Amino acid sequence: MMGKAWLFGISLLLAGPVWGQTNTAPKRSLQECVDIAWKNNLDVKQSEIQVAVNRNTLDQSRFTRLPTLNTAITQGLNLGRNIDPFTNTYVTQTLNYNNANLTSTAIIYNGGIVNNTIRQNQLNVQASEFDVQATRDQVALNVVLAYLQVLNNEDVLAVSRTQVEITQQQVTRTEKLVNAGALPQANLLDLQAQFANDELSVVTAENNLAISRVQLLQLMNEPEIRELVLDRMSINTPDDTYQTPIQDIYATAVQTQSAVKAADLRTLSARKGVDIARGGYFPSLGFNLSVGSNYSSAARRSLAGTPTTITNTAFVEFEGQQVPITFTTTQPGFLTQNIPWSEQLTNNLNGGIGLSLRVPIFNAYQVRYRASTANLNVKSQEYQAANVRLQLRQNIEQAYVNMTSAAKRYASLTRQVESLELAFKAAESRFNAGAINSVDYNLAKSNLDRSRINQIQAKYDYVLRIKVLDYYQNKPLSF
């Protein structure tokens, strides 16, 4: 009877659902959990914003190749004695003036600063894109590990409940025998104590399961999901067939890990920074174009008016007498009027075109120190890239050791379970025959129960370690 009960409990464990689970929430697959975590993870969102910022910077640097075009309009009012901007003479009057100009400049050559800046910003965009992928990969790995932990705790809970069921059956059987006088009361008390311990194990397993579900929900960061039911995927029984050498894992990781690629791209970006700084040593050549005009309220023009006739009389002496002589003169008429604003702008239109050459001779060593700082930044980025590789290698080595240890532990526990199953079957038969007491029976059962739980934990621990190594080889994290 007891052997059949154990088989019944183990069959429930392999089938997957946890006893007593009445949750009606939809089942979540591993990929669904990963997708939700990607959508809601704040680190992923922050890294995506950084990509957008770097792209804006890249577009901005590209447009520096285009000429600039700007206009300026000045409106003013001068009082008292001023210089007329139209005639450049002094006038004493209230003067209203207006200037307008249009200027355009373009860079022809500036030591390659523009081109190198564009290339540097391209590298920064690529590096930030790899940062996003690295963040997403890490989030996915964390979700996989949390998902496995939930499955592990569900299996442990299933075994713990099976233990309670089997102990309960044994308590019921022993109680009948004690009442019939076939067994001493001590046997029943021992079994009841074992039953209490098994119930405590169920409570502990339920608490661990609740905690692991909360941790997975926190990674998913979806407030609308209040109840979590996982779709139990098929997880193969682990073995010792993981034959990929650690050197090959590292070689693959260096080529595929986004964090390494991002660090290398930032090193290249820093080297472009050196080229940008050194561009200050070279002359720069620019093109200038300007068009302008002005207006002054003092600007006036003369117009022909009505002629004026003037009669004058003069006296001349002739033969001792003053003789009057009358003569008439005609003077032309003059009028002035303000010149209109639009006409002044047309008449005063002026423009210019030219090239400007800037040759650096001495700039207080500014270019030298900018170049020196850029070189130091290259060294810093190279060390950062080396540190990323160092951390990667150490993480892989640790993960490989953990995987090897987990494999050995699982193999050892599997052999232990097989041996304890045989020992429990023998103890069960002897207990039912009255050959051993309840203490020996409980000891055999406790040893088997504990070994089974340890085996489950070792199984998921081994699978977890394998997934970590798969992550470093850029393999799919799904099962």
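What percentage of the 479 residues of the protein count as buried? In this model, which is predicted, 38% of the 479 residues count as buried. The protein has 10 helices and 10 strands, and among its contacts between residues at least 6 apart in sequence, 82% join residues at least 24 apart.

**A helix pair**

Two packed helices are described by the angle between their axes and the distance between the axes. For helix H6 (residues 246-256) and helix H9 (residues 366-432), the packing angle is about 140 degrees and the axes are 10 Å apart, and the crossing of H6 and H9 is right-handed. On the side of H6 the contact is made by Ile-246, Ile-249, Tyr-250, Ala-253 and Val-254, while H9 contributes Arg-389, Leu-392, Arg-393, Ile-396, Glu-397 and Tyr-400. The residues of this contact of H6 with H9 divide into eight nonpolar and three charged, with no polar residue among them.

**Helix H5 and the residue after it**

Helix H5 (residues 185-220) contains 36 residues, which at 1.5 Å a residue should span 52 Å, and the distance of 53 Å between its end C-alpha atoms agrees with that expectation. Just after H5 comes Asn-221, which lies in the loop between H5 and strand S6 (229-230). Most residues other than glycine have a negative phi. Asn-221, although not a glycine, has a positive phi of about 55 degrees, and Asn-474 likewise is not a glycine but has a positive phi, of about 60 degrees.

| Residue | Phi |
|---|---|
| Asn-221 | about 55 degrees |
| Asn-474 | about 60 degrees |

Asn-474 is found in the segment after helix H10 (438-472).

Is Asn-40 buried or exposed? Asn-40, found in helix H2 (residues 30-40), has a relative accessibility of 10% and therefore counts as buried, since the cut-off for that class is under 20%. Asn-221, by contrast, counts as partly exposed because its relative accessibility is 35%. Leaving aside residues up to four places away in sequence, Asn-40 touches Lys-45, Met-220, Asn-221 and Glu-222.

Note on methods:
Residues numbered from 1 in each chain as written. Predicted model: local features only at pLDDT ≥ 70, side-chain atom pairs only at ≥ 80, totals over all residues. Heavy atoms only, no water. Helix = DSSP H or I, 4+ residues; strand = E, 2+ residues; numbered from the N terminus. Buried < 20%, exposed > 50% of the residue type's maximum accessible area, 1.4 Å probe, protein only. Contact = heavy atoms within 4.5 Å. Axes fitted to C-alpha atoms, helices over the stretch in contact; angles between N-to-C directions. Left-handed = near helix turned anticlockwise from the far one by under 90°. Nonpolar A, V, L, I, M, F, W, Y, C, P; charged D, E, K, R; others polar. Expected span 1.5 Å × (residues − 1).
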